[in-house]
Amino acid sequence: MKLFLGLFLCAFSVCCSSATFSRSRRSILREVNDKDQTGVDHDYAVELNATNFDSVLKDTPATFAVVEFFAHWCPACRNYKPHYEKVARLFNGADAVHPGIILLTRVDCALKINTKLCDKFSVGHYPMLFWGAPPKFVGGSWEPKQEKSDIHVIDDARTADRLLNWINKQTSSSFGLDDQKFQNEQLSSNVSDPEQIARAIYDVEEATSIAFDIILEHKMIKPETRAPLIKFLQLLTAHHPSRRCRKGAGELLVSFDDLYPTDFSSSQKQDDDKSQVTNFQICGKEVPRGYWMFCRGSKNETRGFSCGLWVLLHSLSVRIEDGESQFTFNAVCDFVHNFFVCEECRQHFYKMCSSVSSPFNKARDFALWLWSSHNKVNERLSKEEASLGTGDPKFPKTIWPPKQLCSSCYLGHDQKSNKIEWNQDEVYKALRNYYGTTLVSLYKEKGIVGNEGTEGAALEDLIVASNAIVVPVGAALAIAVASCAFGALACYWRSQQKSRKYFHHLHSLKNI
């Protein structure tokens, strides 16, 4: 059953009046500073306290976590800090040598706010270090006499060398304190491993955030590009695989007319209004993280953003419904044409878009077109990179899916022409599983994707006919009476649409 975007956006707000929204466009823009006022970088280790302990460890993409419990007045803790920071440099932050593997954190037990937290982990001396998978710390505890525990005390970490040796033993790795960035010899390129694409959910968030940063930095929002950006924001609000990116896209969409009115054209006005959105992070305050997981190349200049963007587009293609296929095709093609700054790539992609002669009626058809187009791009780039030596030796451009990932996708292979006969039904199944179910599996475990639960239940109550163009006023009022959280934003959103030419292009949604 289909839901329309005007009603969907109601789920993004708690009870508030329309005056709240008109008060200031800054009300939805979040500001996060990575440096203090002196311009000095923060320490590499992440400072935690009782208010953010669970949320940070729940949201981190890292496979393992180290938590140091210390007291700021403790001389031994102060002397240990440089050792801990040497190791944290390898794994934490945008300049990490080995990002996304281990998160090193610290909790100051001398602060009253952390007393109960430190008690839960039976901290008996300072510093005291614990090791485990990040989710095990969430709502967790530790007891000295506990026979079986997923959280372990690090008993040999007096120096940076000894701490790193302990970590290497636990992870069967060979990390070194002198490792430099982009020494990625430990990267796995096993494409048949589903855990790899599951970690790409973080890259999809990263690519989404970077894409909008580029748009702002290059002042690409103009009268002629407003409509394409609005369509893409609608698509992200409906079908981005990450809940927090859907929420951020919806918030930006709600305030778009205030931030970028139809007369938004002068360079000076862009400079003035840019300050309002510079610190807006479309996928939440933790993104961009500054590194890649699935899309990390073995060299600095390979993979990364372009890989993350492709994964985003494929994930959108398998989440839409049949009635949204043509809208999605137009939104994706127009977004790349107007906002992708690699000129040659942009022209090649738009040429493929222009070659489509008939509209898409099925979601399957659009997903297969995007898959086929991506394979054409990889085939072209693989030849260029082979001749110029610019490719990633560990991640060469290949046709997807490989046989080890989907043997049933292959019907035949003409060796002379190097043409593959595909079983497109099996390919579509593989696409839906790979870029749909498996992609979001890690976040579902952490509750960040969020297509179910109270949000889904509430949205199921907002069902309208599939051929409706706009939301009836009566329906909006009924929702406002039934739910303050939905009603206020529904009324506001509806009022915003009256002057928008794209209002009639709102597409139906399901299971957001």
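## Disulfides of the predicted model

A disulfide is taken here as a pair of cysteine sulfur atoms within 2.5 Å, and in this predicted model a search of the whole structure on that basis finds five of them.

One of the five joins Cys245 to Cys283, with the sulfur atoms 1.9 Å apart. Because the torsion about the S-S bond of Cys245 and Cys283 is about 115°, this disulfide is right-handed. The pair links distant parts of the chain, since Cys245 belongs to helix 10 (residues 243–254), whereas Cys283 sits in the loop between helix 12 (267–277) and helix 13 (305–317), 38 residues apart. Cys245 has a relative accessible area of 1% and is therefore buried, and Cys283, with a relative accessible area of 1%, is likewise buried.

## Two left-handed links

The disulfide between Cys295 and Cys307 has an S to S distance of 2.1 Å, and with -65° about the S-S bond the link is left-handed. It too connects distant parts of the chain, with Cys295 in the loop between helix 12 and helix 13 and Cys307 in helix 13, twelve residues apart. Buried means under 20% relative accessible area, so Cys295 counts as buried at 1% relative accessibility, and Cys307 is buried with a relative accessible area of 13%.

Cys109 and Cys118 are also joined by a disulfide, with 2.1 Å from S to S, and this link, at -100° about the S-S bond, is left-handed. Both Cys109 and Cys118 are buried. Two further cysteines can be described by their accessibility: Cys342 counts as partly exposed at 30%, and Cys345 counts as partly exposed at 34%.

## Helix 14

Helix 14 covers residues 325–339, and at 1.5 Å a residue its 15 residues should span 21 Å; the C-alpha atoms at its ends are 21 Å apart, which agrees with that expectation.

Eleven of the 15 residues in helix 14 are buried, so the helix is largely enclosed by the rest of the structure. Among these buried residues are the phenylalanines Phe327, Phe329, Phe335 and Phe339, and the buried set also includes Ser325, Thr328, Cys333 and Asp334, together with Ala331, Val332 and Val336.

## Backbone exceptions

Most residues other than glycine have a negative phi, and most peptide bonds are trans. Against that background, the peptide bond joining Tyr126 and Pro127 is cis, with omega about -15°, and Pro127 lies in the loop between helix 5 (115–120) and strand 5 (128–132). The peptide bond from Trp400 to Pro401 is also cis, with omega near 0°, and Pro401 is placed in the loop between helix 16 (363–388) and strand 7 (410–414).

Ser172, although not a glycine, has a positive phi of about 55°. This serine, Ser172, is found in the loop between helix 7 (160–171) and helix 8 (194–217), and its relative accessible area of 71% makes Ser172 exposed. Arg303 is not a glycine either, yet its phi is positive at about 60°. Arg303 belongs to the loop between helix 12 and helix 13, the loop that also holds Cys283 and Cys295, and at 23% relative accessibility Arg303 counts as partly exposed.

Technical notes
Residues are numbered from 1 along each chain as its sequence is written. This is a predicted model: local features need pLDDT of at least 70, side-chain atom pairs count only at pLDDT 80 or more; totals for chains, interfaces and linings use all residues. Side-chain values use heavy atoms; hydrogens and water are left out. Helices (H or I, at least four residues) and strands (E, at least two) are DSSP runs, numbered from the N terminus. The expected span of a helix is 1.5 Å times one less than its number of residues. Buried means under 20% relative accessible area, exposed over 50%, partly exposed in between (1.4 Å probe, protein chains only).
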